[in-house]
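Have the sequence and the viewer open as you go.

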Amino acid sequence: MEVVSPLPPGPSAAPAVQTLRWVLRPIAFLEAARREFGDAFSVRFTGFESPMVMLSHPDAVRALYTGRDHGLPPGRTFALRPLLGERSVLLLEGREHLDRRRLMLPAFHGERLRAYEALVREATEREIATWPVGRPFAVHPGMQAITLEVILSAVFGVTDPARRERLRGLLIGLLDGTGRPGLQLGVLLARRFGREGPLARIAALREGVDAVLAEEIAERRADRQVERREDILSQLVAARFEDGGAMDDGELRDQLITLLVAGHETTATALAWTFDLLVRHPAVLRRLLDELGAGDERYARAVVSEALRLRPVVPLAGRRLGSELRAGDLVLPAGTDVTPAIWLTNTRAESYPEPYAFRPERFLEQAPGTYAWIPFGGGSRRCLGAAFAELEMRVVLATVLERLTVEAAGPRPEHAARRNVTLAPQHGTRLVVRARPGTGARAAGAAQPAACAHT
Ligand code: HEM
């Protein structure tokens with residue numbers, strides 16, 4: 001008789017209580033489970049038949065992410081399909097998934113991305129010109145505005161001003177609908193009680209966006225020189241699968257929305273967290289400024305890595321096991337839903353001395369193991385836009401800090417609050433900015449004499 005190993009123990013509270021704690025206080029939930037159960041534990045969420053095993057030891061993460069036959073857990077697919085579409089690279093599995101990754105990867109290659117630096121800088125300059133000077137404001141919405149502009153230009157490549165305006169409005173509606181804190185709970189409850197829930201409204205919003213994207217795609221198809229264009233849509237239109245086929249219009253729309261949803265809120269949130277950390281660590285901020293001033297971007301890279309370690313914006317990136325997983329004493333049978341708890345992996349004392357300290361230097365001293373730093377997930381599903389996001393974060397930070405001084409608006413660091421699939425700073429990272437002396441930079445309030453700080 002086959003002996004099936006039991007899943008690791010976990011919190012004993014009812015699924016509804018575990019779900020509430022996870023939705024409302026995710027970090028406290030994870031830390032409490034780590035204290036009680038160690039590196040691996042099973043949790044039960046409302047709306048799911050089977051438990052989810054959360055693990056954090058890098059060896060177990062490696063075993064999970066290098067396994068070739070694992071699929072996706074149901075949570076990713078049911079919550080995202082109405083928004084992203086049937087053929088989203090984030091949702092397909094097996095051969096279909098790998099074919100899409102192969103086709104899409106060249107567009108995200110480091111060298112290609114350099115072309116987007118100027119776009120990011122310009123979008124940042126336009127945004128910071130609207131910021132109030134000397135008065136507290138939340139920087140997260142500003143970061144969202146920048147990352148949306150960058151996606152409209154670098155990914156969608158929309159240049160026609162009227163269409164860009166129309167698309168921006170529709171996308172803001174769509175993103176707003178998906179970013180609400182209560183959405184995840186609403187989806188889980190609707191699933192539990194067999195209702196359509198908030199996803200039906202999101203599917204309707206998506207139809208409006210699709211209509212505008214269809215116009216853009218038609219123009220791109222008609223352009224004989226499409227491969228010369230630098231935006232990612234053009235590269236996807238020109239790219240071919242191994243069998244010579246191309247993505248059809250419906251699929252292109254799915255991948256564009258996927259790149260928007262995967263890349264917009266995540267990068268904006270990571271930036272908001274990075275500012276929250278920087279303004280509370282003046283020595284780090286000073287060194288960052290010095291090194292940027294000297295034209296050396298190594299420390300900026302380390303700042304971004306350390307911010308993503310200590311404030312991972314995506315908490316889970318799981319798989320459904322296609323075969324048994326073994327790592328040390330841990331044995332999990334095929335069919336189990338498993339996810340690294342990214343926060344717990346990124347803050348293991350065995351991997352990082354003083355794991356809760358913000359110390360970018362650690363990334364200059366020694367690079368962490370591949371599976372000890374996993375803000376972008378891993379293996380054959382690792383974030384396609386990781387290099388894009390890191391470049392964008394470095395350019396936004398450099399552009400803001402070159403022109404403005406930044407201070408925290410209050411004494412307390414931000415708590416993590418859930419915004420759909422991301423963990424975001426609860427109050428949006430409230431800052432006070434002033435023009436940096438000697439730059440002549442302008443933000444919106446710079447014309448007001450009382451607030452004017454630049455020379
Ligand atoms: C700081 C910003 C970002 C973070 C923290 C982040 C994080 C993640 C994570 C955790 C995953 C799941 C990986 C897994 O399951 O192993 C993922 C997947 C993905 N991300 Fe990102 N992401 C970011 C920015 C971006 C950007 C800018 C883009 C594109 C413009 C992007 C596109 C994607 C895509 C297409 C996938 C699906 C990959 C697949 O399933 O093969 N992401 N991301």
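This is a predicted model: local features need pLDDT of at least 70, side-chain atom pairs count only at pLDDT 80 or more; totals for chains, interfaces and linings use all residues.

α13 is the largest contributor to the shell around the ligand, giving seven residues. Residue numbers start from 1 along each chain as its sequence is written.

**Around the ligand**
- The ligand has 25 residues around it, and Gly 263, Thr 266, Gly 377, Cys 383 and Gly 385 come nearest; a residue is near when its C-beta atom, placed from the backbone, lies within 6 Å.
- At least two shell residues come from each of α13 (249-279) and α18 (386-403).
- Sorted by class, the shell holds 15 nonpolar, seven polar and three charged residues. Nonpolar covers Ala, Val, Leu, Ile, Met, Phe, Trp, Tyr, Cys and Pro, charged covers Asp, Glu, Lys and Arg, and the others, Gly among them, are polar.

**Where α13 meets α15**
- The axes of α13 and α15 lie 9 Å apart, and the helices pack at about 100 degrees. Axes are lines fitted to C-alpha atoms, for helices over the stretch in contact, with angles from 0 to 180 degrees between N-to-C directions.
- That angle makes α13 roughly perpendicular to α15, a label used for 65 to 115 degrees.
- From α13, Ala 270, Trp 273, Thr 274 and Leu 277 meet Val 303, Val 304, Ala 307, Leu 308 and Leu 310 of α15; contact means C-beta atoms, placed from the backbone, within 7 Å.
- This contact has eight nonpolar residues, one polar and no charged ones.

**Where α15 meets α18**
- Helix α15 (residues 298-310) packs against α18 at about 115 degrees, with the axes 10 Å apart.
- So α15 is roughly perpendicular to α18.
- Ala 300, Arg 301 and Val 304 of α15 make the contact with Glu 390, Met 393, Arg 394, Leu 397 and Ala 398 of α18.
- Here the classes are five nonpolar, no polar and three charged.

**The chain overall**
- The protein chain contains 18 helices and 11 strands.
- Its C-alpha trace spans about 80 × 55 × 40 Å along the principal axes.

Definitions and conventions: Helices (H or I, at least four residues) and strands (E, at least two) are DSSP runs, numbered from the N terminus. Angles under 35 degrees count as roughly parallel, over 145 as roughly antiparallel, 65 to 115 as roughly perpendicular and the rest as oblique. Two residues are in contact if their C-beta atoms, placed from the backbone, lie within 7 Å.
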